[in-house]
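Subject: Structure for you

Hello,

Here is the structure I promised to hand over. My notes on it follow below.

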Amino acid sequence: MDPSSERYSYNPVLKWNPQVEDYFIKAYGSLHFHEISRALTRPSCYSCIRVNTLKSTSDAVIDKLQEIMRKSGYENGVEDETKASNSSDSYMAEKQSSLQNGSISKCQIPGLEYVVFVRGSGPHAIDYGYIPDKPPKEVLVSRKCAEAVLRGAQVYVPGVMACSSHVEEGDLVAVSVAVEQPASDGGWGLGITRGTVLQGLQTDPYHSERNGLYIGQGTAMLSRAGIFRASQGIAVDMNNRVFKLPSFHDVLEGEIFLQNLPSIVTAHALDPQKGERILDMCAAPGGKTTAIAMLMKDEGEVIAADRSHNKVMDIQKLAAEMGLTCIKTYKLDALKAVCKRNVSSDMAALCNNKDNTDLVIQKSESRPLENGGSSTTIVGSNGDTTCKENVSNEKANERTYVSKADIRKNMRRMRNGPGRNQSLGGRVENSKGFAPNSFDRVLLDAPCSALGLRPRLFAGEETVEALRNHGKYQRRMFDQAVQLVRPGGVLVYSTSVLLLPAI
């Protein structure tokens, strides 16, 4: 066998933490776990698209996608599966044959007609043009970049870790993957400096580790110097992939959303109705949130909460892109989703009243108490779904002290311009939590290890202890969700975790 064919191929071996691997082998059996590990390194044989039915229809989207794919040179239909580089990948062909003939088809599951499948193909054997003592020019990308490329993305500048010398714009380059390796401190890491020069020699970083980790061939869109000088943009146009899935970047924005089928089914299982009040507790990146709003015909109220400021902004951006107005976003830790109130029992009763679930506790500036303090007034608010507590104290009317740190911060802001929080459209509203029994339906897509997501090229960082901790956190979130849904309401719990005892 030509040694180059073994090196310049795609045959990854998924690395696990030894204790986690032993756990799964005992749970599934050695052979079954090996099949699972191998399947995780492969992308799905199709791309799943959710059509925004408020702007378009499945038939109209299919017509537009077919025209776009014709213009881009993507063949009609899927290439002959006999080109697959390994007969043991027949399960891929079996899954593909289960779809309708043709590269684009509508989902046939009742109620999911707004879902469109675009078939892919692979794995394909690629000739990288290897000549003895003259290896091909090469671009080494990060593992996360490679996983995106396997799903159909291009190679973007931030994902490039290393590159052969003398790579110029327009050159044909092989694309390989740098996967985390055991580090001296007992953890995992890359151990490679971004911008490293690849000589094609055995002394190169990750030379032997890159065997069987080549994901395709493409055209360099920038020179080597340009790749490491730029901060964004496409570094390599992938025109010859091991797995061929069309890219949908910037395609029919607002009309379609690329989303895994189980995520679409999750929103469908929630069965949201027009006019209802619904909470998505861990909403980022917003796929399920927008699916819920779409199923409600954008009529009602969908509260999307997440603990990350930037992720909340991403949800806002996606909702605006899809033209959805019923979504309200908040920065909130799901472990603190239930509002805790330090007020009298009659105030708490008002909080639990469904007609007064949205309360704002505000300081009264016009009615000082006899003891010199200020009164607290409860104001019902239909526009604010959170419980905001701004209880005043005796020093409310005193002069505000401005610290030197605040002065320096204001000076920097004047000199450097507004930051993310001060930019137009960059504000995210914080939440103190929501009143119990205040939602008709609650979706808890709890954070987990995500070991069930694919393609996956590395799984070594997860430990048995970490997996157990995921379960503990999910229990606490589930307890919050149960308190928030009204009696007779619906609670949907979903996770992509591979472990059966998820909580």
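Asp271 sits in the loop between α8 (261–270) and β14 (277–280). Helices here are DSSP runs of H or I with at least four residues, strands are runs of E with at least two, and both are numbered from the N terminus. Asp271 is not a glycine, yet its phi is positive, near 55°. Its relative accessibility is 41%, so it counts as partly exposed. For burial, the cut-offs are under 20% relative accessible area for buried and over 50% for exposed, with partly exposed in between (1.4 Å probe, protein chains only).

First, the ground rules. This is a predicted model, in which local features need pLDDT of at least 70 and side-chain atom pairs count only at pLDDT 80 or more, while totals for chains, interfaces and linings use all residues. Residues are numbered from 1 along each chain as its sequence is written, and side-chain values use heavy atoms, with hydrogens and water left out.

Overall picture

The chain has 13 helices and 21 strands. It has 503 residues, and 46% of them count as buried. It exposes about 26,000 Å², with 49% supplied by carbon and sulfur atoms. Those areas come from the Shrake-Rupley method with a 1.4 Å probe; for residues, only the protein chains shown count as cover. Take the contacts (heavy atoms within 4.5 Å) between residues at least 6 apart in sequence: 78% join residues at least 24 apart.

Backbone

Most residues other than glycine have a negative phi, and most peptide bonds are trans. Ala450 has a positive phi of about 60°. It is found in the loop between β20 and α13. Ala450 is buried, at 19% relative accessible area. Pro455 is in the loop between β20 (439–445) and α13 (464–484). The peptide bond from Arg454 to Pro455 is cis, with omega near 5°. Another cis bond joins Gly122 and Pro123, with omega about 5°. Pro123 lies in the loop between β3 (115–119) and β4 (138–142).

Helix α4

Helix α4 covers residues 58–72. Its 15 residues should span 21 Å at 1.5 Å a residue, and its end C-alpha atoms are 21 Å apart, which agrees. The expected span is 1.5 Å times one less than the number of residues. Its buried residues are Ser58, Val61, Ile62, Leu65 and Met69. Seen down the axis, they fall within an arc of 100°, so they line one face of α4. The arc is that of the directions from the helix axis to the C-beta atoms. These buried residues pack against β1 (46–51), β2 (104–106), β3 and β13.

Salt bridges

The count is 12 salt bridges, each a side-chain nitrogen of Lys or Arg within 4 Å of a carboxyl oxygen of Asp or Glu.

- Glu255 and Lys64 meet at 2.9 Å, N to O. Glu255 is in the loop between β12 and β13 and Lys64 is in α4, so the pair ties together parts 191 residues apart in sequence. Glu255 is buried at 16%; Lys64 is partly exposed at 34%. Beyond its neighbours within four places in sequence, Glu255 contacts Arg50, Val51, Asn52, Ser56, Val61 and Lys64.
- Glu301 pairs with Arg277, the closest N and O atoms being 2.9 Å apart. Glu301 is in β15 (residues 301–306) and Arg277 in β14, so parts 24 residues apart in sequence are tied together. Glu301 and Arg277 are buried.
- Arg143, Glu147 and Glu180 form a salt-bridge network.

Best wishes
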